[in-house]
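Biologist: Could you take me through a few features of this chain and show how each one is read?

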Amino acid sequence: MMRRFPPIIDRSQDERFMREAMALATRGAALGEVPVGAVLVRDGEVIGEGFNQPITGHDPSAHAEMQAIRAAAQKLENYRLPGTTLYVTLEPCSMCAGLLVHARIQRLVYGAREPRAGVVESQGQFFKQDFFNHRVLVEGGLLAEECGALLTDFFRARRKG
């Protein structure tokens, strides 16, 4: 039996927080990182943020989601982050999706789909697996065109350079 938790959703703020994630993605791109940004929010307050840093940080796990969740866990001094919403500009990979479950993130809002490695919709239905003891509410496609353009523009510029 699947347990459902009532969502704590203020849709009027979704776009604002996604735009913050996009600004973080742009910071990463300026460092030569794939432009993905993430913002973790609880009760309307940003408690963690991050952008991709595997190249500059020499850390294959330094995805934007990982950075935002680590920052929030440190700030709150807790490895569980219930009642939170993660805004990320790109559909999460399997590593990051697993992290959302382990951290007990309540809701995921992502921008662009990731056809190669995204596991929320594109390459599977990660969060719909019966064996998880936590369910993440998911909404995809928020500002998808703009989030996707960050990536398209980044890779186009790399190919030219």
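This is a predicted model: local features need pLDDT of at least 70, side-chain atom pairs count only at pLDDT 80 or more; totals for chains, interfaces and linings use all residues.

Modeller: Residues are numbered from 1 along each chain as its sequence is written, and side-chain values use heavy atoms, with hydrogens and water left out.

Biologist: Which residues does the UniProt annotation "binding site" cover?

Modeller: UniProt positions are given in the numbering used here, with shortened feature names, and annotations may be inferred rather than shown by experiment. In this case the unreviewed entry lists His63, Cys93 and Cys96. They gather at one spot, because no two of their C-alpha atoms are more than 9.4 Å apart although they span 34 residues in sequence.

Biologist: Are Cys93 and Cys96 buried or exposed?

Modeller: Buried means under 20% relative accessible area, exposed over 50%, and partly exposed in between, with a 1.4 Å probe and protein chains only. Cys93 is buried at 16%, and Cys96 is buried at 0%. Helices (H or I, at least four residues) and strands (E, at least two) are DSSP runs, numbered from the N terminus. Cys96 sits in helix H3, while Cys93 lies in the loop between strand S3 (84-90) and helix H3 (94-103).

Biologist: What does Cys96 contact, leaving aside neighbours within four places in sequence?

Modeller: Contact means heavy atoms within 4.5 Å. On that basis Cys96 is in contact with His63 and Glu65. Cys93, with residues up to four places away likewise not counted, touches His63, Ala117 and Val119.

Biologist: Where is Glu114, and which side chain of opposite charge is nearest to it?

Modeller: Lys and Arg count as positive and Asp and Glu as negative, while His and the chain ends are not counted. A salt bridge is a side-chain nitrogen of Lys or Arg within 4 Å of a carboxyl oxygen of Asp or Glu. Glu114 is in the loop between strand S4 (107-112) and strand S5 (137-140). Glu114 is buried yet has no salt bridge, and the nearest side chain of opposite charge, Arg116, is 6.0 Å away.

Biologist: How many aromatic pairs does a search of the whole structure find?

Modeller: Rings of Phe, Tyr and Trp (its six-membered ring) pair if their centres lie within 6.5 Å; planes under 30 degrees apart count as stacked, over 60 as edge-to-face and the rest as tilted. The search finds 5 pairs. One of them joins Phe17 and Tyr87, tilted, at 5.4 Å centre to centre with 35° between the planes. Phe17 is in helix H1 (residues 11-30) and Tyr87 in strand S3, 70 residues apart.
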